[in-house]
Amino acid sequence: MKTEKLFVDADKSDKGIISRAARYLQKGELVAFPTETVYGLGANALDAKAVNRIFEAKGRPQDNPLIVHVSSIEMAQELVLDDLSDYKWLVELLWPGPVTIIFRKARKIPDIVTAGLPTVGIRFPSHPVAQKLIEIAGLPIAAPSANLSGRPSPTDEFHVIEDMDGRIACMLLAGKTLFGLESTIVDLSRGKPTLLRPGPISVERLKTLLPDLEVPEFVKAEEKYSGPALAPGMKYRHYSPKIELILVEGDPRERYKEITDFAFEKNSIILCSRETAHLYPREIRRIVLGSRENLYEVAANLFDALREPGEEFERMVSESFPESGVGLAIMNRLRKAAWKIM
Ligand code: TXA
Ligand code: MG
């Protein structure tokens, strides 16, 4: 299949170009599009045949449900049984933005979208291109991240091209995404609001809005908590870099010697912070993810680093980051990506 690549300006949201992409969605075809978290791979959420193409293009297991993207709270209301006016204070503060909320699903959403679950994850993205695309198509858009299943989520246009060129009808390309990590997922369909996936909106922030938010231990993705998953997708291997990744837990200022030793065993790259990069010998290749003082910078660069090792390298060794704020999401992704955690 020839993939039509449409380049758009992230800020100006060019209507003519986006309308072209919207027509593919209306015809039941797949369109990759930018969001403020990662690129999504979209299909008309109300068309089971179109949604099935997502699973084929990604090689995604059918028991892993998709998030449905909307461009207004009214559109979200059409898709869920819960009365969103009961959650007005919450959704109006969190949306549009990088948070997915799980509600009880309406009948019109085909089972393939939710992998047969009685609930559905709804997200109202803040990226202007995503919003315009949904608005112009006039459809809710089911979309997982636009990577091949198991690979790191795409945070830049060339990641989307690498994974999806030739597999889908169209891609809207608008450069690098803002957060670089997938949305925070909060489940409101159970007794207590529960965090299912840490993301750009932190637990600290969510707890100011949902004081009784449950934060299960598994969101840390530590190996000892690999029990039954509440979010079905969590049991699958994620974010796999092409070469082995060793994650060294703890403060790198105390563990830099071990990091260095692991790096010397094979031709390696060290993933580190700006503040600690100087701890490692110059002859070892380093990727500085960002500053420990601004974990959003680390988050934004993480998936690109995991994706890009380059042919000559055999191993990546990564520092750990503090688990506060967006750091919890960073550590969740690093632990899931790691071949070995030391
Ligand atoms: O930022 C994001 O969320 C991106 C952009 C494209 O919006 N999307 C994304 O989708 O990360 P995906 O498919 O890669 O991850 C969706 C996660 C999966 O772990 C899935 O199991 C979970 O959401 N999920 C979806 N529907 C669910 C439901 N009804 N109950 C529990 N978990 C659900
Ligand atoms: Mg994904």
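Ligand 1, polar contacts (pairs of N or O atoms within 3.5 Å). I found a polar side-chain atom of Thr-119 at 3.0 Å from a nitrogen atom of ligand 1. Taken alone, ligand 1 exposes 670 Å², and the protein buries 96% of that; accessible areas come from the Shrake-Rupley method with a 1.4 Å probe. For His-69 I noted 2.6 Å between a polar side-chain atom and an oxygen atom of the ligand. An N or O atom in the side chain of Arg-60 is 2.9 Å from an oxygen atom of ligand 1.

Basis. This is a predicted model, in which local features need pLDDT of at least 70 and side-chain atom pairs pLDDT 80 or more, while totals for chains, interfaces and linings use all residues. Residues are numbered from 1 along each chain as written, chains are lettered from A and ligands numbered from 1 in written order, and side-chain values use heavy atoms, without hydrogens and water.

Shell. I listed 26 residues around ligand 1 (a heavy atom within 4 Å), with Thr-37, Asn-64 and Ser-183 among the closest. Strand β6 (119–123) gives the most, four residues. Strands are DSSP runs of E, at least two residues; helices are runs of H or I, at least four; both are numbered from the N terminus.

Helix α1. I checked which residues are buried (under 20% relative accessible area, 1.4 Å probe, protein chains only): Ile-18, Ala-21, Ala-22, Tyr-24 and Leu-25. They lie on the same side of α1, because they cover an arc of only 150 degrees around the axis, taken from the directions from the axis to the C-beta atoms.

Technical notes: Buried < 20%, exposed > 50% of the residue type's maximum accessible area, 1.4 Å probe, protein only. Polar contact = N/O pair within 3.5 Å; in protein donor to acceptor, adjacent residues only side chain to side chain.
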